[in-house]
Amino acid sequence: MSNIVYYNTKIYTVNESQPWAEAMWVKAGKILAIGDQDELLALAEGAEHYDLAGKMVMPGIHDAHTHLLKAALRRLEYSCELNDPQTLDELAQQLKTYWAKYASERTWIFAGLYNPLIFTADILTREWLDQVIPHVPIVIHDFSFHNVMANSLALELAGITRDTPSTIRAKIGKDPLTGEPTGILREGAWVKLYMAAPTESAEQNKQALKMAASICNQYGITSTQEASATRPFLIAAQTLDEAQELTLDLFCHLPWRAEVVSLSDREEDEQVIAQREQYASKRVMVNGIKVMLDGTSMAPTFSHVPLDPVTDQPITYNLLLDSNELTEKIREWTKADLIVKAHCTGYGSVRIALNNYENANYIERKAGHFHDIAHAHYVSLKDRPRFGELGIIAEMSPAIWHIPEYQQALGKAYDFRSLYEAGAIMTVGTDWLLPPTPNLFPALAGILQHGDESVPLEVALQMMTLNGAIAIGHRHRTGSLEMGKDATFIVLDRNIFESTVEEIAATQVITTVLQGQHVFQRTS
């Protein structure tokens, strides 16, 4: 086991009582001591000395919202990764290039992401898509991932016809004259396409998840909250962990009536939740639930729950779950020590979720357990203090507030400063599927230059580290660098406290250490 003193460094601990340190003694994966360099070098007789050449150290990053397996399968080209096409010709060429490479291995094309502000419904049509690669089922996600365009063959294979009902949870675009599907499918309507298509093998999922963890390590991520922990994900995670090949702590949120992340039916979701304990392992925690109250607040296809500007009450036509039933389920899950992550992208859905949590709050929570609201794009002035009052985490994701095309679609979102001043505990998630990588340093820069809603660097770093540990009940062992905690930390190529915002965005991780184990080392 390791016995190392890391020295010649500037350690930002995220520990209020000792914000900075000069050296850290790590033994058997734990921090034995942290503080003055000369004292530790003298004290740690027999320990290896590891010179960090003056580089900055900070705790490992916690990604509070990600989709590791789905993101990795895209990266491995099990689906077609579009390169920001601007015209139909560019879109067609990228699809054809992908198919020319993988025609012998694939039977469907799943592609994404396209910009629906460019490819509007009158430009990107089913009829056009039918002609791109005939006789191949094609499905393309827009940049919210909540909506797709499918060609006629994909619709046929999934059994989606003019007679298939369109519901709030599964909206099927239909021609007003003929009643035929237009190819536009929103929210749960496109899940049928995935259920009709071939799925990846257990070995493919395992290798994809292993790669996803490795990519996260490159960006300093040492723990995540997986927001779509389906059975294939859990099997892959447990298999990796038992083989000692998992280089992340995974806190898994199991979908409940959230078809767009489970890609399965309700019966399967209920079975996975009931059988969850069989998938738990050293680094795989299975005590989370994921629900979705609404869809997306991204233009041009809004499916969120807003507030009525006159009555200040939620307008619930896009509400995806029965609020009373959800309150009962939250009570049930709280009794079972399960942590709930509620997807909310509108002012109204946030209000409803907070009401659900408040109505269930008389059920005693396990110490250190916090339910959360995922995304928290828009939170009304009235609701901001309720996060602190109710002990609910405000998860600020996806980490795309610094990307121009998403800013165009989202508008002014994310009230970092206001929520912080109102007493909310905020975490940061990438929602990796939307951004191309899980790199949170550009997002960190975005938090620091978010106009009047910016927060200081110390606050933003706590959101990315200690608050994540608090959110999953791990404050006692990770999130900050203190004596007795896990030796989970990262070494940066620059001191971000001495850098401009632009330089912070370009930060690279040199080394990532998980519980004393070096899981990433940059070679150049």
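1. The side chains of E332 and K329 meet in a salt bridge at 3.2 Å, N to O, where a salt bridge is a side-chain nitrogen of Lys or Arg within 4 Å of a carboxyl oxygen of Asp or Glu. K329 is buried, with a relative accessible area of 14%, whereas E332 is partly exposed at 43%; buried stands for under 20% relative accessible area, exposed for over 50%, and partly exposed for what lies in between, with a 1.4 Å probe and protein chains only.

2. Please keep in mind that this is a predicted model, in which local features need pLDDT of at least 70 and side-chain atom pairs count only at pLDDT 80 or more, while totals for chains, interfaces and linings use all residues. Residues are numbered from 1 along each chain as its sequence is written, and side-chain values use heavy atoms, with hydrogens and water left out.

3. Helix α4 (residues 126-132) holds R126 and D130, and because they are four residues apart, they are separated by about one helical turn. The side chains of R126 and D130 meet in a salt bridge at 3.8 Å, N to O, and the side chain of R126 also meets that of E127 in a salt bridge at 3.2 Å, N to O. R126 counts as buried at 17% relative accessibility, while E127 is partly exposed at 45%.

4. The structure holds 28 salt bridges, and D312, R351, E358, D383 and R386 are linked in a network of them. R386 also has a partner in N355, since the two side chains make a polar contact at 2.8 Å; a polar contact is a pair of N or O atoms within 3.5 Å, and within protein one must be able to donate a hydrogen and the other to accept it, with residues adjacent in sequence counting only if both atoms are side-chain atoms. N355 sits in helix α12 (residues 347-359) and is partly exposed, with a relative accessible area of 30%. The C-alpha atoms of N355 and R386 are separated by 9.6 Å, although the residues are 31 apart along the chain.

5. D142, in strand β11 (residues 138-142), deserves a careful look, as this residue is buried yet has no salt bridge, the nearest side chain of opposite charge being that of R186 at 5.4 Å. For charge, Lys and Arg count as positive and Asp and Glu as negative, while His and the chain ends are not counted. The side chain of D142 does make a polar contact with the side chain of S144, at 2.8 Å. Leaving aside residues up to four places away in sequence, D142 touches L113, Y114, P116, N147 and T301, where contact means heavy atoms within 4.5 Å.

Methods:
Helices (H or I, at least four residues) and strands (E, at least two) are DSSP runs, numbered from the N terminus.
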